[in-house]
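Here is a friendly tour of one protein model, with an eye on its aromatic rings and its helices. Have a look first, then read on.

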Amino acid sequence: MNHVLLALGPDDPIGKISPPVAGLAGDPKQSLGKLLSVGIMAFVLVASMAVLAYMLWGAFDWITSGGDKARVEKAQLKITHAVIGILVLIAAFTIFQVVGVNMLGIITSGPNGYGFKIPTIGP
């Protein structure tokens with residue numbers, strides 16, 4: 001649903017129409033930073049859920065293997081890959097934090113999440 005703001009005043013007897021404000025409206029640098037921040041958080045959330053689901057799948061396969069050695073080995077392999085996935089996520093997040101926030105200063109960390117300072121050329 002789009003809302004249009006109509007402001008009547010002495011200078012504009014017929015009113016002034018302003019466009020609706022979207023979620024990413026405003027300063028383009030802030031909008032891009034917000035978009036990147038939300039994208040990274042969504043990626044980490046989806047990846048974490050995928051790793052958890054894969055680990056649970058491996059645990060379920062292990063429980064239902066019925067002592068079959070080949071099925072147990074496949075289940076153990078799934079769990080091992082899930083643990084490696086968790087370690088990769090932790091490593092990626094740590095590198096993101098150290099390089100982006102601490103070393104380069106492009107990313108700011110605050111109580112509301114991450115913000116990006118997009119570098120510009122010129123004044």
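This is a predicted model: local features need pLDDT of at least 70, side-chain atom pairs count only at pLDDT 80 or more; totals for chains, interfaces and linings use all residues.

Which helix holds both tyrosine 54 and tryptophan 57, and how many residues apart are they? Both belong to helix H1 (residues 28-63), three residues apart, about one turn of the helix. Helices here are DSSP runs of H or I with at least four residues, and strands are runs of E with at least two, numbered from the N terminus.

Residues are numbered from 1 along each chain as its sequence is written, and side-chain values use heavy atoms, with hydrogens and water left out.

Rings of Phe, Tyr and Trp (its six-membered ring) pair if their centres lie within 6.5 Å; planes under 30 degrees apart are stacked, over 60 edge-to-face, and the rest tilted. That rule gives two aromatic pairs:

| Pair | Centres | Planes | Class |
|---|---|---|---|
| Tyrosine 54 and tryptophan 57 | 5.7 Å | 80 degrees | edge-to-face |
| Phenylalanine 93 and phenylalanine 96 | 6.3 Å | 35 degrees | tilted |

Phenylalanine 93 and phenylalanine 96 both sit in helix H2, which covers residues 69-103. Phenylalanine 96 is buried at 18% relative accessible area, whereas phenylalanine 93 is partly exposed at 39% (buried is under 20%, exposed over 50%, partly exposed in between, with a 1.4 Å probe and protein chains only).

Confidence is highest in H2, at a mean of 90.

Note on methods. The expected span of a helix is 1.5 Å times one less than its number of residues. pLDDT is the predictor's confidence in each residue, from 0 to 100.
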